[in-house]
Amino acid sequence: MTRHSNPSELLYGPLHFACLMVLLGLKMFMTEEAAIIMGAVGIGDGMGALIGMAFGRYEYKLPFSAKKTIEGSVFGVFLGTIFGCIIYPAALGYSIMSWKEITILSLMVTAVEAGSLGNFDNIALPIAIHYGLDSIKAIA
């Protein structure tokens, strides 16, 4: 469950992800916000890392963030947006966000994920989505 076979990595991504899923299940079960967070973190961030490791050629690193690839970030945002904003809410019976809202949310999540401190993106993304979702819906 680690990227580089380092046991200390289990204290970051996998543990944060497991705690997040427990929190979402206990506090936000079957809500639109939980579906969007699950899509962004579970699908987008998880698959983005795998795609970046397998196919990533163009790396970038913002100050204080971990090294990432453009391919992984783009693919992660695409999948996270599709699952988090379209498929999961539709499966739960919620209305789908407008394309303007989805685009704003995708750009915000990409910026937060790219600039998050080290391996703390599994904490930064849900916080950003939680506080940004109402603002995005008010703007759009």
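**Surface, pocket and salt bridges of a predicted model**

Y12 is partly exposed, with a relative accessible area of 32%, where partly exposed denotes the range between buried (under 20% relative accessible area) and exposed (over 50%), as found with a 1.4 Å probe and protein chains only. The structure is a predicted model, in which local features need pLDDT of at least 70 and side-chain atom pairs count only at pLDDT 80 or more, while totals for chains, interfaces and linings use all residues. Residues are numbered from 1 along each chain as its sequence is written, and side-chain values use heavy atoms, with hydrogens and water left out.

Y12 is placed in the segment before α1 (13-27), the helices being DSSP runs of H or I with at least four residues and the strands runs of E with at least two, numbered from the N terminus. Together with L11, L15, F64, L117, F120, I123, I127 and Y131, Y12 forms a nonpolar patch on the surface, and the accessible area of these residues together is about 950 Å². Such areas come from the Shrake-Rupley method with a 1.4 Å probe, and for residues only the protein chains shown count as cover. Patches are made of residues with over 30% relative accessible area and no salt bridge, with nonpolar side chains (Val, Leu, Ile, Met, Phe, Trp, Tyr) joined within 5 Å and like charges within 9 Å. The most is given to the nonpolar patch by helix α5 (residues 121-139), with 3 residues.

The second largest pocket holds about 190 Å³ of space. It is lined by 13 residues, of which L20, L23, L24, P126 and I127 are the closest to its centre. The elements that give two or more residues to this lining are α1 and α5, and α1 gives the most, with 6 residues. On a 1 Å grid over the protein atoms alone, a pocket is an open set of points with protein on both sides within 12 Å along at least five of seven lines, and lining residues have an atom within 4 Å of a point. The lining of the second largest pocket divides into 9 nonpolar, 3 polar and 1 charged residues.

The count of salt bridges comes to 4, a salt bridge being a side-chain nitrogen of Lys or Arg within 4 Å of a carboxyl oxygen of Asp or Glu. In one of them K137 pairs with E32, the closest N and O atoms being 2.8 Å apart. This pair links distant parts of the chain, with K137 in helix α5 and E32 in helix α2 (residues 32-55), 105 residues apart. K137 is partly exposed, at a relative accessible area of 32%, whereas E32 counts as buried, at 16% relative accessibility. A salt bridge also joins the side chains of K67 and E59 (3.8 Å, N to O), and both of these residues are exposed.

The side chains of D121 and K68 meet in a salt bridge as well (3.9 Å, N to O). D121 lies in helix α5 and K68 in strand β2 (residues 68-69), so the pair ties together parts that are 53 residues apart in sequence. Both D121 and K68 are buried, and salt bridges that share partners join K68, E113 and D121 into one network.

G84, in helix α3 (residues 70-92), is buried, with a relative accessible area of 0%. Between G84 and G44 there are 40 residues of separation in sequence and 8.4 Å in space, C-alpha to C-alpha.

Notes. On a 1 Å grid over the protein atoms alone, a cavity is a set of points where a 1.4 Å probe fits but cannot get out, and a pocket is an open set with protein on both sides within 12 Å along at least five of seven lines; lining residues have an atom within 4 Å of a point. Grid points are joined across faces, edges and corners, and a volume is the space filled by probe spheres set on the points. Ala, Val, Leu, Ile, Met, Phe, Trp, Tyr, Cys and Pro count as nonpolar, Asp, Glu, Lys and Arg as charged, and the others, Gly among them, as polar.
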